[in-house]
Each structure stands twice: as C-alpha cells, then as structure tokens.
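Dear colleague,

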Amino acid sequence: MTSRFDNVRRPNGFMREDAMFGKDLFADESNFDLRYVSDYERITEIVKALRVLGMRVVLTSGSFDIIHEGHSMYLEAARKFGDFLIVGLDSDEKIRQRKGPNRPAVPEMERLRMVTHQRGVGLVTLKQVDHPRWSLIEAVRPDVLVATADTYDADEIADLEAKFCERVEVLERMATVSTSARLRRIQLGLSDRGDGPRGGDDGVHGGNDGHGETSGPGD
C-alpha cells in the first residue's frame with residue numbers, strides 16, 4: 001500500500017526510515033517506540049516533514065498523572081485544532097519540584113505510554129527541569145498552542161503568538177475532580193461519590209485540590 005509520505009522529500013535529510021513515518025505514526029496502534037521522541041531537534045525535523053504535507057500541528061503540555069476522563073476529553077478537544085497533536089509531559093523531577101516528593105503517582109515512562117494510547121495523539125515527549133522556558137514550544141513552533149486559562153497570562157500569550165505560534169487556544173478544565181483531589185480521596189478512604197466509610201465528603205470539588213492549588217488538564 002502506498003503511503004502519503006512515499007513521494008515527499010524530507011527537509012534536512014529526514015528519511016523515510018522504511019516508511020515507518022508514513023504508516024506507523026498515523027496508525028491506530030500506540031507505536032510507542034516511534035511516537036515517543038526525546039530529542040527536540042528530532043521533533044523539529046518531524047514537524048518540518050508534516051508541514052511539507054500541509055498539516056497543521058497542535059502542541060499541548062501537562063503532567064497527565066493517573067489518566068482520567070478529563071485528560072481524554074482535553075486531548076480530544078486539542079486535537080481538533082489541527083491535523084497532528086504533539087504532547088509534552090512534565091518529567092518526574094519536574095513534577096516533584098512543583099507538587100512534592102510523593103508525586104507523580106505514575107512514573108514518567110508509564111505516563112508517556114498511557115498518553116500515546118489516547119486517541120488522536122501523534123507524538124509525545126518529556127519536559128525536563130533543565131530545559132529552558134518554552135523550549136518545546138520553540139522546537140515545535142506549533143500552528144496552535146493549546147493550554148488552560150491559568151497557564152499563560154495575556155502578555156505571555158501575546159509574546160508566544162509573536163514569536164513561536166500562530167495562536168494560543170485556551171480550553172476550560174474538563175475534569176470534575178483533579179488527580180490531586182482523587183489521590184487525597186484514596187488516602188482518606190473516600191470514593192468519588194463522597195460516600196466514604198462514614199458518608200463524609202472531603203470538601204474537594206471541581207479542579208481545585210483543596211489547598212488552593214488548581215490543577216491543570218494533565219495534573
């Protein structure tokens with residue numbers, strides 16, 4: 001079967017690699033070994049090849065710790081802004097610095113694999129602690145950068161649109177309970193219905209984890 005990539009010249013020496021790029025990167029299977037790309041320079045080359053085909057590239061990021069319905073809904077919504085979705089996941093160390101030594105609940109390689117199983121995700125990578133700010137955005141230069149409302153302020157959005165992307169799309173939170181809240185419920189022996197051992201409620205609603213920390217789509 002002929003791939004849509006077979007007759008395309010790859011930018012800067014980007015080769016067919018036995019048609020894996022043309023077939024497996026768009027297959028229904030997760031194909032993790034192909035979809036996980038740690039090298040940002042490699043990601044830049046893949047994006048260039050996608051643009052040769054006239055494809056619009058979407059980028060979003062998050063922790064995606066304990067995949068839940070909100071994550072799936074968010075990724076599905078992000079994918080609709082273009083033809084190919086790239087997802088940056090915070091590394092374990094990056095999450096520990098932000099949320100403490102007991103997070104993430106799921107290690108980075110498993111989180112990466114779980115995200116590649118989500119429908120519409122084309123490529124995943126890690127965001128490391130030592131990466132410069134916005135380095136993944138600069139590497140991808142997406143047509144659309146998708147984020148939640150508290151990710152960037154108005155000045156940052158204007159700066160991003162001027163330097164690295166065509167536009168920034170802001171999505172509402174889609175999880176009824178954050179990962180942080182869900183973990184706290186588990187620790188307290190409560191269910192998501194609030195009917196724990198004594199029918200109690202931990203007072204956590206929406207996307208706030210009960211300590212003033214509003215979790216993002218991938219938290």
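Contact here means heavy atoms within 4.5 Å. The model is a predicted one. Leaving aside neighbours within four places in sequence, Leu145 is in contact with Leu59, Ile137, Tyr152, Leu160, Cys165, Arg167, Val168 and Glu169.

Strands β2 and β3

Strands β2 and β3 run parallel and are joined by 6 bridges. Within this pairing, Leu85 stands opposite Val121 of β3. Of the 7 residues of β3 (residues 121-127), 6 are buried, so the strand is largely enclosed by the rest of the structure.

Leu34 belongs to helix α2 (residues 32-35). Because its relative accessible area is 16%, Leu34 counts as buried.

A buried aspartate

Asp65 is located in the loop between β1 and α4 (69-79). With a relative accessible area of 0%, Asp65 is buried. Its side chain forms a polar contact of 3.0 Å with the side chain of Arg103, and the side chain of Asp65 also reaches the backbone nitrogen of Ala105 at 2.7 Å.

Salt bridges

The count of salt bridges comes to 9. Three of them may be of interest to you:

- Arg111 and Asp92 meet at 2.7 Å, N to O. Arg111 lies in helix α6 (residues 108-116) and Asp92 in helix α5 (residues 92-99), so the pair ties together parts that are 19 residues apart in sequence. Both Arg111 and Asp92 are buried.
- Lys48 and Glu45 meet at 3.7 Å, N to O. They lie 3 residues apart in helix α3, about one turn of the helix. Lys48 is partly exposed at 34% relative accessibility, whereas Glu45 is buried at 18%.
- Lys163 and Asp159 meet at 3.3 Å, N to O. They are separated by about one helical turn because they are 4 residues apart in helix α8. Lys163 is partly exposed, at 48%, and Asp159 is partly exposed, at 27%.

Yours sincerely

Notes:
Residues numbered from 1 in each chain as written. Predicted model: local features only at pLDDT ≥ 70, side-chain atom pairs only at ≥ 80, totals over all residues. Heavy atoms only, no water. Buried < 20%, exposed > 50% of the residue type's maximum accessible area, 1.4 Å probe, protein only. Helix = DSSP H or I, 4+ residues; strand = E, 2+ residues; numbered from the N terminus. Pairing = 2+ DSSP bridges. Polar contact = N/O pair within 3.5 Å; in protein donor to acceptor, adjacent residues only side chain to side chain. Salt bridge = Lys/Arg side-chain N within 4 Å of Asp/Glu carboxyl O.
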